Amino acid sequence: MNANRVALITGASRGIGRAIALALAECRFDLVINYQSNLEAAQSVQSQASLYGTRAVVCPADISQKEGQSKLIDFIKTQFGRIDVLVNNAGVAPAVREDMLHASEESFDRLIAINLKGPYFLTQRIAQWMIAQRQQLPEIVPIVINISSISAYTSSTNRADYCISKAGISMMTRLYADRLAEFGISVFEIRPGLIATDMTSAVKEKYDPLIAQGLTPIRRWGRPEDVGKAVIAIVQGYLPFSTGEVINVDGGFHLRRL
Ligand code: NAP
């Protein structure tokens, strides 16, 4: 069995997932860098992670598909033989932002499949492995971290499907936290706000002035590294009596202000 702790980060080729992977590598985790199509970007994360002296491997798999989930789990079992941390990060925005009175069923199905159904069943299957592993190796303390969004509670009527998928991730966090606690597995939700990545590049000009005018109390775009640091805060083990907890990484967006 692998000596280092092993983390699977879905959607780790770019953006937030990439930053989480590199933060975990810096903490001496061995990594499974999952991605869907961007091999070059995934390999660049792999080579950067290797600079920290950890072992990082890449695994293309569509997490929304059962076959993709099986491929990932089989791959980790073969490569490392253990799993310590699952970060459900992979996610997509709607291809076009469209008023919910007209937005398509195809977009809804795509968003729910990738952002919610995929993570839900990947977690179910990895949790079963974590439970079995815990019986044999109780010293391994597994953690599941779900990347949701401020869209879990903020209405954006031109991407309702995205909001619904992220609200589902919040409920999924509470459900798995409840179900897995008896097995010593804790589950956390990180709720990012506006983070500068490929996903938000198309709306940068819209949000730049809003942020400058105080949309968020901390007047700047979030960085992927801000989310990476929150993951490290969790996996270092300083929250041993917490589960189902939400960590907002949003510059204070969630505060109600007068
Ligand atoms: P991003 O830059 O667009 O990167 C998305 C990542 O997910 C890529 O690595 C992509 O792989 C991967 N991916 C997409 N579909 C996949 C699938 N079916 N199977 C496996 N991997 C898949 O996005 P991001 O901004 O970093 O967002 C990451 C997560 O944070 C998402 O869940 C997003 O909803 C959430 N979030 C983002 C923000 C923000 O402001 N950016 C705010 C709140 C929450 P390829 O490179 O191969 O395409």
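**Ligand surroundings and helix packing**

In the predicted model, a polar backbone atom of Ile63 is found 3.1 Å from a nitrogen atom of the ligand. Two further polar atoms of the protein lie by oxygen atoms of the ligand. A polar backbone atom of Asn38 is 2.8 Å from an oxygen atom of the ligand, and a polar side-chain atom of Arg14 is 2.8 Å from an oxygen atom of the ligand. The ligand has 32 residues around it, of which Ser13, Ser37, Asn89, Tyr162 and Thr197 come nearest.

Tyr162 also takes part in the packing of helix α4 with helix α5, on the α5 side. Helix α4 spans residues 105-136 and helix α5 residues 160-180; their axes are 9 Å apart and form an angle of about 15°. Because angles under 35 degrees count as roughly parallel, α4 and α5 are described as roughly parallel to each other. Their crossing is right-handed. On α4 the contact residues include Phe108, Leu111, Tyr120 and Ile131, and on α5 they include Ile164, Lys166, Met172 and Leu180. By class, the contact comprises 14 nonpolar, six polar and two charged residues.

Arg18, Ala21, Leu22 and Ala25 of α1 meet Ser44, Val45, Gln48 and Ala49 of α2. The contact of α1 with α2 consists of five nonpolar, two polar and one charged residues.

Conventions: Residues numbered from 1 in each chain as written. Predicted model: local features only at pLDDT ≥ 70, side-chain atom pairs only at ≥ 80, totals over all residues. Heavy atoms only, no water. Axes fitted to C-alpha atoms, helices over the stretch in contact; angles between N-to-C directions. Helix = DSSP H or I, 4+ residues; strand = E, 2+ residues; numbered from the N terminus. Parallel < 35°, antiparallel > 145°, perpendicular 65-115°, else oblique. Left-handed = near helix turned anticlockwise from the far one by under 90°. Contact = heavy atoms within 4.5 Å. Nonpolar A, V, L, I, M, F, W, Y, C, P; charged D, E, K, R; others polar. Near = heavy atom within 4 Å. Polar contact = N/O pair within 3.5 Å; in protein donor to acceptor, adjacent residues only side chain to side chain.
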